[in-house]
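The sequence and the structure come first, then the description.

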Amino acid sequence: MNDIPKIEMFTAEETHIRSGLAKCHIYRMVADGSIVSIRAGRKILINYNSVLAYLSTGVPQGAACREAVHKTENTPRIAPISLR
């Protein structure tokens, strides 16, 4: 019944506290699509599992990764979140 994986989404500040990464580096990873994130109003929510996966493997988990998949499937490109 609990087949759905738990998704942990945190703000950049919370991700900074949990991971020890600098906030500017987290925002940079969001901007270049290295980690999975969404914008909820003015807040950016970051998928913490993608941060951990990126740190342990060095392989982008966000829009940059999805973009490579979409290029092979000939589907429209998904752009990373742009920061103002």
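Leaving aside its neighbours within four places in sequence, which residues is Thr11 in contact with? Thr11 touches Lys43, Ile44, Leu45 and Ile46 once those neighbours are set aside. The model is a predicted one. Thr11 is placed in the loop between β1 and α1. With a relative accessibility of 18%, Thr11 counts as buried, because the cut-off for buried is under 20%.

**The sheet**

Three strands form an open sheet in the order β1-β3-β2, and the pairing is antiparallel. β1 (9-10) and β2 are the edge strands with a single partner strand each, so one side of each has no neighbour in the sheet. Strands of a sheet pair through backbone hydrogen bonds, in either a parallel or an antiparallel sense.

β2 and β3 are joined over four bridges, while β1 and β3 are joined over two bridges. The table gives some of the bridge partners.

| Residue | Bridge partner in β3 |
|---|---|
| Ser37 | Ile46 |
| Ala40 | Lys43 |
| Met9 | Asn47 |

The hairpin of β2 and β3 has two residues between the strands, and in this hairpin Gly41 has a positive phi near 70°. Four of the five residues of β3 are buried, so β3 is largely enclosed by the rest of the structure.

**Helix α2**

Which residues of helix α2 (residues 23-32) are buried? They are Ile26, Met29 and Val30. These residues lie on the same side of α2, because they cover an arc of only 100° around the axis. An α-helix has 3.6 residues a turn, so residues three or four places apart point the same way. The cover over the buried residues of α2 includes α1 (12-19), β2 (37-40), β3 (43-47) and α3 (48-57). After α2 comes Gly33, with a positive phi near 80°.

**The nonpolar core**

The largest nonpolar core has eleven residues: Phe10, Ala12, Leu21, Ile26, Met29, Val30, Ile35, Ile44, Ile46, Tyr48 and Val51. At least two residues of this core come from each of α2, β3 and α3. α2 supplies the largest share, three residues.

**Phe10 and Tyr48**

Phe10 and Tyr48 are both buried. Leaving aside neighbours within four places in sequence, Phe10 is in contact with Thr15, Arg18, Ile44, Leu45, Ile46 and Tyr48.

A pair of aromatic rings is described by the distance of the centres and the angle of the planes. How many aromatic pairs are there in the model? The count comes to one. Its members are Phe10 and Tyr48, with ring centres 5.6 Å apart and planes at 80°, so the pair is edge-to-face; the cut-off for that class is over 60 degrees. Phe10 belongs to strand β1 and Tyr48 to helix α3, so the pair ties together parts that are 38 residues apart in sequence.

Note on methods: Residues are numbered from 1 along each chain as its sequence is written. This is a predicted model: local features need pLDDT of at least 70, side-chain atom pairs count only at pLDDT 80 or more; totals for chains, interfaces and linings use all residues. Side-chain values use heavy atoms; hydrogens and water are left out. Buried means under 20% relative accessible area, exposed over 50%, partly exposed in between (1.4 Å probe, protein chains only). The arc is that of the directions from the helix axis to the C-beta atoms. Contact means heavy atoms within 4.5 Å. Two strands pair if DSSP finds at least two bridges between them. A nonpolar core is a set of buried Ala, Val, Leu, Ile, Met, Phe, Trp, Tyr and Cys residues joined through side-chain atoms within 4.5 Å. Rings of Phe, Tyr and Trp (its six-membered ring) pair if their centres lie within 6.5 Å; planes under 30 degrees apart count as stacked, over 60 as edge-to-face and the rest as tilted.
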